[in-house]
Amino acid sequence: MEFDDLIRHIRAALPEAVAEEHPEAFSPWIRVERGQLPELARLLRDDPSLDFAQLMCLSGVHVPAAGDAPETLWSVIHLFSPRHHHKLGLKVVLDAADPVCPSVAELWPTADWHERESYDLLGIRYLGHPDLRRILCPDDWEGHPLRKDYQAPATYNGMPLD
Amino acid sequence: MNLPIERHEGGNIILTSAEWLVNEAIARSLWPMTFGLACCAIEMMAAGAGRFDLARFGSEVFRPTPRQADCMIVAGTVTMKMASRVKLLYEQMPEPKFVISMGSCANCGGPYWQHGYHVLKGVDRIIPVDVYIPGCPPRPEALLEGMELLRDIIRGKKPRQGAEARSA
């Protein structure tokens with residue numbers, strides 16, 4: 001299915017799900033309100049004509065405040081259907097003061113570690129994740145290193161970091 | 001080779017100094033610890049394999065436990081998460097013990113020297129290093145030369161820069 005057909009198909013099933021569409025992008029994507037994500041994700045995976053069986057990547061983005069635009073954190077999902085050979089990007093834009101996103105780890109087990117990485121490095125909390133711990137940094141690390149305003153500590157457990 | 005050995009007359013007895021004998025034994029059977037941290041470990045594995053063959057110098061027995069190892073080859077990037085483990089492993093090794101810092105990351109943080117929030121800027125900040133091998137990564141020949149230098153240090157031909165020099 002082409003991107004336009006995908007959007008039409010999704011809108012027919014879930015009219016509220018697509019908040020924004022970006023067909024012009026190199027990898028076309030849609031913005032999803034976080035409340036809509038669980039239902040949409042289930043549709044994308046289970047609808048036979050969509051059949052997004054594979055989660056290629058789940059990542060995060062930190063966007064600092066610029067002008068009127070507030071500081072946000074994005075959770076970005078890239079899906080692929082091996083059967084139909086079509087792709088779709090999903091972006092959930094979260095308020096930096098309340099970076100909570102529904103987990104899709106139950107639908108795509110791949111997302112388990114990816115969501116942990118996104119939590120570890122950016123501090124996005126995934127609601128419903130089976131085991132939301134840090135995955136790369138040590139358990140007692142402080143802060144989320146890929147945030148743009150992150151300040152590296154001077155020492156870690158008595159070892160210099162400068 | 002001019003060895004400090006004296007043959008005793010009239011029997012199968014040789015005389016030498018205990019220091020020389022012990023040092024020579026250590027130098028000719030340096031057992032490294034089996035662990036690699038990054039791409040330098042690939043070169044270390046190549047050094048252990050047939051083409052370069054560490055076994056020629058008595059170092060083919062990579063030990064999977066620190067308690068049987070003489071020499072720690074820090075081959076790769078030391079992250080802060082790994083640093084405390086490296087220190088623990090070093091402390092578990094029996095004396096006499098030696099450390100080779102292999103490659104730019106272990107020497108000084110390498111490409112992560114400025115913006116690597118999670119990388120230790122040189123393994124010598126947590127454990128004493130005897131030999132530094134430059135390179136990113138160093139070729140197996142460089143590791144062989146580094147181990148040869150370590151053997152010279154053990155034989156007393158070169159001053160030790162690690163533990164003893166630090167405590168002095």
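User: What does pLDDT express, and what is the mean pLDDT of chain B?

Analyst: pLDDT is the predictor's confidence in each residue, on a scale from 0 to 100. In this predicted model, chain B has a mean pLDDT of 88, and 95% of its residues reach 70 or more. The model scores ipTM 0.74 and pTM 0.81. Local features need pLDDT of at least 70 and side-chain atom pairs count only at pLDDT 80 or more, whereas totals for chains, interfaces and linings use all residues. Residues are numbered from 1 along each chain as its sequence is written, chains are lettered from A in the order in which they are written, and side-chain values use heavy atoms, without hydrogens and water.

User: How much area do chain A and chain B bury between them?

Analyst: The size of an interface is often given as the accessible area lost when the parts come together. Buried area is that loss, computed with a 1.4 Å probe and summed over both parts. Here chain A and chain B bury about 1000 Å², 69% of it on carbon and sulfur atoms. In chain A, the residues A:M159, A:P160 and A:L161 lose the most area to chain B, together 44% of what that side buries.

User: How many salt bridges does the rule find across this interface?

Analyst: A salt bridge requires a side-chain nitrogen of Lys or Arg within 4 Å of a carboxyl oxygen of Asp or Glu. Across the interface of chain A and chain B, the rule finds zero.

Note on methods
Buried area = accessible area lost by both parts, 1.4 Å probe.
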